[in-house]
Amino acid sequence: MTERGASAIIVGGGATGLSAGWWLARDGVDVLVIDKGIVGWEASGRNGGGCTHPFSPLFQEEQRLWPMLDELLGYPTEFRAQRIRLALDEQQMRRYGQARQHAVRQGFVSEQLDAQQVRALVPLAGDNVVGGYLHRFGGHANPQRTVQAYAWAMQDHGGRVLQHTTVLGFSTAGGKVTEVRTDRGDFGCDTLVIAAGPQINHLAASLGVRVPMVAARAEMIVTEPLPLMPIGGVDGNGLYGRQTQRGNLAYGGGPHEWLEIDDNTVPHRSSTPLMRNIAARVAELFARAAHARVIRSWAGIIENTPDGRPVIERMASPDNLVVATLSSIGFGLSPATGHAVRDLVVDGVCGFADLGSLRLSRFDRLERDWIDLQGWRPPSRQVAS
Amino acid sequence: MSEFRDPKSVAGKQLPVAETTQLLVIGAGPAGIAAAAEAAKHGIKVVLADENPVPVAAMGDDIPLHFGQRYGAAARNRTAMLEAFIARDPAIAALFDAGVDVRLGTSVWGVYANGPSVGWLPGPVAGLHDGERSFMLGCERVIVAAGRRDMGLAFPGWELPGVLGITAAERLLHRFDVLEARRVVVLGTSTEALVAARSLRAGGIEVAALVEVARQPVGPTELLRELADIPILCGHRVRRAEGGTDGVEAIVVAPEHGQEQRIACDAILLGIGVVPVIELLDALGCRISYLPERGGHVPVLDAAHRTSVAGIYAIGDCAGIWSAKTLDPDIARAEGRRAAMDVVASLGVAVELPAEPRAFQPASYDLDAYRLDWVRATVIDAAGEPYVCQCEEVTAREILELRPPRYLGWPDDRRNTRTLRQMLGEAPPNPDQVKRLTRAGMGVCQGRRCREQVAALLALGAGVELRHIPLASHRAPVRPIPLRIAAETQEAAEMTEHWDTWFGMPPQYVPHWEAPEFYTVAGRATDDKAPDVE
């Protein structure tokens with residue numbers, strides 16, 4: 001049965017898909033976002049909330065958009081500007097110092113702090129801090145709140161969301177995608193955007209586009225609320241995360257687990273006793289919060305391309321297909337990614353950034369057995385090295 | 001098979017396991033004790049862990065039961081509490097003699113096993129916390145007998161000391177002798193509420209009244225006959241609790257559109273619903289289904305009480321609560337023995353498995369409609385907008401309108417005025433989505449006080465049946481644990497060496513202006529060129 005289609009159909013209601021939907025809808029494009037479950041349910045809604053990606057061609061746009069995003073969307077994202085990275089030893093200090101070079105080169109300011117200056121901004125840090133860096137850029141936001149804000153803002157501009165709908169396949173004609181077939185009917189489209197995270201591989205393959213990627217599981221923990229620190233975007237000691245505006249410390253880090261997802265399903269997002277290793281590091285990072293109680297841990301499932309960098313491209317064939325995988329760094333970049341996808345859909349080319357480094361063709365010479373070569377197999381499929 | 005493994009992945013990382021056992025039984029109620037005794041009888045090495053007595057600080061957060069701060073100073077004396085707990089149930093002492101390794105005051109905050117997305121664990125493991133340290137226990141089989149807890153119900157004043165769950169009241173009185181109440185009013189007339197009222201009265205507590213929102217009591221007539229001298233106010237809802245710094249002094253109830261009635265009491269006991277404690281099972285990924293005739297969300301079990309996860313069993317109230325089981329603890333004990341025998345047989349010890357049909361009879365009333373009626377009459381119609389979620393201070397209206405939390409300072413005139421259905425889509429609202437937007441259920445009590453109320457509110461708000469509201473997910477640790485105690489102290493060297501903030505993938509951090517035209521594994525960037533960036 002043919003349902004009411006849309007000029008642009010986006011498969012995947014995560015941060016990337018919904019931001020793109022919002023950018024298109026506010027431009028007057030008739031847009032429909034289809035998701036197999038609930039908006040922001042996978043990695044988009046459960047991550048560290050960081051908004052700081054200096055190595056990306058979308059960095060400048062990311063930095064431009066976040067401070068105005070609440071206003072633009074009309075719903076709160078909980079964005080807070082700036083980040084601090086604190087070091088517990090000289091090696092961390094050196095390493096984190098190098099890490100800021102790309103932002104500094106692009107004109108952003110990062111100040112080196114001594115231990116006392118760190119503790120003034122991060123009162124939960126203890127005497128074990130040797131120093132840190134205050135980034136006068138970047139920040140953090142609430143992932144689920146932001147994704148929901150994109151969805152509502154898109155709907156305010158006339159865009160539609162269809163949740164709990166599984167994409168079964170696509171119809172093509174004359175080198176174009178003409179229809180998205182789902183378990184709730186078929187939807188005609190002029191342009192198709194696939195932004196379905198770990199499912200991109202499977203969906204794009206049915207259109208003859210090979211997107212190399214493997215999904216992995218990663219874990220985070222959260223504590224009870226603590227008094228708000230002047231800066232909540234605090235990283236370091238091998239952890240990423242933030243203090244939420246409610247006061248909880250939400251942190252992740254450490255080993256990930258590679259998965260084999262051979263169809264459209266996502267397995268139960270189990271967490272593991274890795275919680276204990278993360279807890280140990282949070283207690284070091286915030287020595288004055290070591291008494292705080294852990295109240296949750298959780299896992300998210302995230303896709304990665306072979307080099308861990310996004311693919312955002314309008315394909316040559318089918319020529320009305322846009323593929324967008326953000327390869328484990330999608331949340332923070334999402335305001336800019338949506339803008340880029342909008343440009344690719346409407347103008348055919350991104351008008352504000354050079355996306356050349358994010359083309360799929362960079363994998364043309366990729367080894368056929370790259371997954372084995374990189375060791376990206378589930379533990380049960382591996383032998384000791 | 002791969003010849004190389006990603007050193008930044010879990011592959012090859014050892015989980016430090018402090019102790020091992022053949023069988024871990026969680027919960028020392030009738031079912032858990034029977035299971036532990038049966039398994040020990042056949043020579044199985046058994047650890048039985050029970051969190052009682054819980055530290056008084058946890059009791060203050062209504063963990064694991066809604067204690068409502070109605071316990072005396074004696075609750076601070078851990079040794080006395082421990083002695084009382086053992087003395088009140090001779091079956092526990094018998095377990096010591098039977099060679100069961102009984103760990104009291106020890107909570108199990110997580111049960112883990114390999115599954116579809118986890119493959120690095122050495123086998124089933126449980127996280128234990130004895131108040132001073134936490135550690136991992138390797139266990140070949142786990143029997144969960146985690147019991148029941150009480151459904152919360154918000155009304156003005158329900159945060160006062162003296163509003164507590166009826167199961168909590170029984171525990172404080174009969175297991176610890178620290179209940180600080182003399183005259184109570186019970187909400188609800190189910191078998192569970194009536195049995196508890198009877199046992200409290202037998203323990204010297206005056207039950208001033210039973211309050212029931214339904215037109216008739218819903219419990220069995222024989223029990224009602226036994227309690228015939230207690231007034232039952234049917235067709236009444238709670239208007240408010242009155243009290244001061246010492247807590248509840250009275251409850252005010254009224255029929256719909258009718259005259260308010262004030263009843264002096266020092267405790268209000270929440271008896272409108274007892275709920276199977278499935279936290280560990282759900283967090284582990286056991287299949288859960290909604291069966292109102294068994295008290296709500298319960299694990300899917302076979303005849304031997306096996307869950308959908310290999311080696312994990314559920315028995316007693318956490319496997320389902322119904323009238324006959326509440327009246328006769330032998331049903332729970334039989335479940336315990338049945339599961340234990342399956343464990344024994346599965347560990348290679350010859351045992352004759354009993355062929356017993358499980359006694360089961362559905363409740364005589366519509367549990368969904370009953371709980372919805374209580375929430376509609378008392379929570380939605382409440383004056384003064386009490387907090388449904390006490391931890392995060394979220395009202396029913398804020399939940400139903402998906403308001404951002406007040407601490408964000410989002411202007412009220414920019415409120416999203418769409419209906420719940422317009423905001424979330426046509427499918428039944430998912431409490432997990434709602435809690436992340438409103439914070440309801442995200443607090444230190446881990447949703448124990450508000451979980452069932454929020455589900456009922458969403459069913460009422462969206463006009464769908466309660467059975468269609470998904471279960472808000474449970475997460476380990478199912479008991480809050482301080483960071484310094486949760487912290488792993490025996491981390492494997494390989495874990496420490498390869499620990500990375502994110503995926504530890506240097507090419508990810510190569511700036512776009514230096515990215516190579518072609519990416520190959522052979523030519524990829526190494527660590528020195530690209531230190532990680534947040």
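Which residues in helix 5 of chain B meet helix 6 of chain B? In this predicted model, I166(B), T167(B), A169(B), E170(B), L173(B) and H174(B) in helix 5 of chain B are in contact with A193(B), A196(B), S199(B) and L200(B) in helix 6 of chain B.

**Helix pair in chain B**

- Helix 5 (residues 166-175) of chain B packs on helix 6 (residues 191-202) of chain B at an angle of about 25 degrees, and their axes are 10 Å apart.
- Because angles under 35 degrees count as roughly parallel, helix 5 of chain B is described as roughly parallel to helix 6 of chain B.
- The crossing in which helix 5 of chain B passes helix 6 of chain B is left-handed, and the residues of this contact comprise 6 nonpolar, 3 polar and 1 charged.

**Helix pair in chain A**

- Helix 1 (residues 15-26) of chain A and helix 10 (residues 330-346) of chain A have axes 7 Å apart and pack at an angle of about 45 degrees, and they are therefore oblique to each other.
- Helix 1 of chain A passes helix 10 of chain A in a right-handed crossing, and the residues of their contact divide into 9 nonpolar, 7 polar and 1 charged.
- On the side of helix 1 of chain A, the residues that meet helix 10 of chain A include W22(A), W23(A) and L24(A), while those on the side of helix 10 of chain A include F331(A), H339(A), V341(A) and R342(A).

**A four-stranded sheet in chain A**

- Chain A contains an open sheet of 4 strands in the order 4-5-3-11, with mixed pairing; strand 4 (110-114) and strand 11 (234-236) of chain A are the edge strands, each pairing on one side only.
- Neighbouring strands of this sheet are turned by 30 degrees against each other on average, direction ignored.
- Strand 3 (residues 80-87) and strand 5 (residues 131-140) of chain A run antiparallel and are joined by 7 bridges, and the bridge partner of A81(A) in strand 5 of chain A is G139(A).
- Helix 4 (residues 90-99) of chain A lies across strand 3, strand 5 and strand 11 of chain A, and runs at about 140 degrees to strand 3 of chain A.

**Strand 13 of chain A and its partners**

- Strand 13 (residues 249-252) of chain A is covered on both faces, with L249(A) and Y251(A) buried on one side and A250(A) and G252(A) buried on the other.
- Strand 10 (residues 214-223) of chain A pairs with strand 13 of chain A in the antiparallel sense over 3 bridges, and G252(A) in strand 13 of chain A is the bridge partner of M220(A).
- Strand 12 (residues 240-243) of chain A also runs antiparallel to strand 13 of chain A, joined to it by 4 bridges, and R242(A) has A250(A) as its bridge partner in strand 13 of chain A.
- Strand 12 and strand 13 of chain A form a hairpin with 5 residues between them, and G247(A) in the turn has a positive phi of about 115 degrees.

**Contact of chain A with chain B**

- The contact takes 91 residues from chain A and 78 residues from chain B.
- On the side of chain B that touches chain A, strand 5 (125-129), helix 14 (431-438), strand 22 (481-482) and helix 16 (483-486) of chain B each supply at least two residues, and by class this side has 44 nonpolar, 17 polar and 17 charged residues.
- Strand 15 (residues 293-304) of chain A pairs with strand 22 of chain B in the antiparallel sense over 2 bridges, and R293(A) stands opposite P482(B) in strand 22 of chain B.

How values were computed
Residues numbered from 1 in each chain as written. Chains lettered and ligands numbered in written order. Predicted model: local features only at pLDDT ≥ 70, side-chain atom pairs only at ≥ 80, totals over all residues. Pairing = 2+ DSSP bridges. Axes fitted to C-alpha atoms, helices over the stretch in contact; angles between N-to-C directions. Contact = placed C-beta atoms within 7 Å. Parallel < 35°, antiparallel > 145°, perpendicular 65-115°, else oblique. Left-handed = near helix turned anticlockwise from the far one by under 90°. Nonpolar A, V, L, I, M, F, W, Y, C, P; charged D, E, K, R; others polar. Buried ≥ 20, exposed ≤ 12 C-beta atoms within 10 Å, placed from the backbone.
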